[in-house]
Amino acid sequence: MYDLIIIGGGPAGITAGIYAARQKIKTLLVTKNFGGQITKKAVAIENYPGFEEITGLDLIKKFENHLRKFKDQIEIKMEEIVKVQKQGDVFLVCTKDNAKFKAKTVIIATGAGPRALNIPGEEEFIGKGVSFCAVCDGAIFSDKDVAVVGGGNSGFETALFLSNIARKIYILENGPKPRADQENQEIIKKSKKTEVIINAQLKEIKGDEFVHSLVYEDSVSKQEKTLKVEGVFVEIGLVPAGLIAKDLVNFNERNEIKIKSENGETKTPGLFAAGDVNEGKYKQIVASCGEGAKALLAAFDYLKKHN
Ligand SMILES: Cc1cc2nc3c(=O)[nH]c(=O)nc-3n(C[C@H](O)[C@H](O)[C@H](O)COP(=O)(O)OP(=O)(O)OC[C@H]3O[C@@H](n4cnc5c(N)ncnc54)[C@H](O)[C@@H]3O)c2cc1C
């Protein structure tokens, strides 16, 4: 039986792990991978204190190395968790491979994953032209025409990253104007390779063995149009990953876990949530780290009271 299980190896989970190790709590950190969303960041991170400019991969490697320094204090397992349950005072954390771990407290730090378009062809062509990660897949689109779906900051930053690789980049926004910051829009305006298409309602991704085109409807003219592209990068937001604990927490309308903001406590005693998985408004690395630290200190207090 562990004192604590932390689920998630992004900024929130890793910070909670570092704090747990220093408090000498018997802890298991279990995660699908280390890094989470920032490994998908297409351009450098410039707002994490202490690093004026650093790639997401480099920053998370530093986080992971820091955590692993405490290897004698904290156990780490690379597993996917499918369910968190509570039986009496004991939490059961169940993996995809049917293993079960027991703990007195749990911190859910599972972050969020990419939102899908849910249009024909999207799932079929994942890995064959459809991508949710330009950093991971961008290189195979060298000198090709591609589309980025989503006119927010992620979409614009992805287009900027791809402008060093692809021949032509279309950014498709479903509304009447892009939602990206003015700064990102100015940078993209200067790039001769990019073209922003507004009012685009995505209909279908078509291909043979690989994607060859993207069909959308112009919501003003109601005309259906086809773009000849070999890559489609989906950047339309995120879905929080807290459903693994659905029987033990309350969600808001966006499926984010409701917590007490001062300490990350959920409606179930001993169960905490930190980072992008919860209802916190500002989803940032530094905010997730802060929440990971707070949730851990709250779990520590809980353990002291209940031991
Ligand atoms: C494209 C992009 C650019 C961004 N740029 C910035 C930026 O410049 N500055 C900034 O501050 N923030 C930025 N953000 C936001 C920032 O990345 C997030 O706020 C932060 O990563 C959230 O950390 P987290 O630990 O809560 O979750 P995540 O980073 O999502 O990590 C979740 C972790 O949980 C694991 N996990 C998920 N489900 C399970 C499961 N069922 N079982 C086991 N493990 C699981 C995942 O593998 C992962 O390790 C950006 C986000 C994106 C998508």
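Five strands form an open sheet in the order E8-E15-E9-E10-E11, and the pairing is parallel. Strands here are DSSP runs (E, at least two residues), and helices are runs of H or I with at least four residues; both are numbered from the N terminus. Two strands pair if DSSP finds at least two bridges between them. Strands of a sheet pair through backbone hydrogen bonds, either parallel or antiparallel. The edge strands are E8 and strand E11 (194-197), each of which pairs on one side only. The model is predicted: local features need pLDDT of at least 70, side-chain atom pairs count only at pLDDT 80 or more, and totals for chains, interfaces and linings use all residues. Residues are numbered from 1 along each chain as its sequence is written, and side-chain values use heavy atoms, with hydrogens and water left out.

Strand E15 (residues 231-234) is covered on both faces. Gly231 and Phe233 lie on one side, Val232 and Val234 on the other, and all are buried. Buried means under 20% relative accessible area, exposed over 50%, and partly exposed in between (1.4 Å probe, protein chains only). In a regular strand the side chains alternate between the two faces of the sheet. Strand E8 (residues 130-131) runs parallel to E15 and is joined to it by 2 bridges. Val130 stands opposite Val232 in this pairing. Strand E9 (residues 145-149) also pairs with E15 in the parallel sense, over 4 bridges. Here Ala147 stands opposite Val232, and Val148 has Phe233 as its bridge partner.

An antiparallel pairing links strand E13 (residues 211-218) and strand E14 (residues 224-227) over 4 bridges. Val215 stands opposite Thr226 in E14. The hairpin has 5 residues between the strands, and Lys222 takes a positive phi near 65 degrees.

The cysteines were examined next. A disulfide is a covalent bond between the sulfur atoms of two cysteines. With the criterion of a pair of cysteine sulfur atoms within 2.5 Å, a search of the whole structure finds 1 disulfide. Cys133 and Cys136 form this link, with their sulfur atoms 1.9 Å apart. The link of Cys133 and Cys136 is right-handed, with 75 degrees about the S-S bond. Cys133 counts as buried, because its relative accessibility is 5%. Cys136 has 52% relative accessibility, so Cys136 counts as exposed. Cys94 is buried, with a relative accessible area of 7%. The sulfur of Cys289 is 20 Å from the closest cysteine sulfur, in Cys133, which is too far for a bond. Cys289 counts as buried at 9% relative accessibility.

The ligand is surrounded by 29 residues. The closest are Asn33, Gln37, Ile81, Asp276 and Ile285. A residue is near a molecule or strand if one of its heavy atoms lies within 4 Å of it. By class, the shell has 8 nonpolar, 15 polar and 6 charged residues. Ala, Val, Leu, Ile, Met, Phe, Trp, Tyr, Cys and Pro count as nonpolar, Asp, Glu, Lys and Arg as charged, and the others, Gly among them, as polar.

A polar side-chain atom of Gln37 lies 2.8 Å from an oxygen atom of the ligand. A backbone N or O atom of Lys32 lies 3.1 Å from a ligand nitrogen atom. For Ala112, a backbone N or O atom is 3.3 Å from a ligand oxygen atom. Taken alone the ligand exposes 1000 Å², and the protein buries 90% of that (Shrake-Rupley method, 1.4 Å probe). Helix H1 (11-23) and helix H6 (285-306) are the elements that give two or more residues to the shell.

Methods
Polar contact = N/O pair within 3.5 Å; in protein donor to acceptor, adjacent residues only side chain to side chain.
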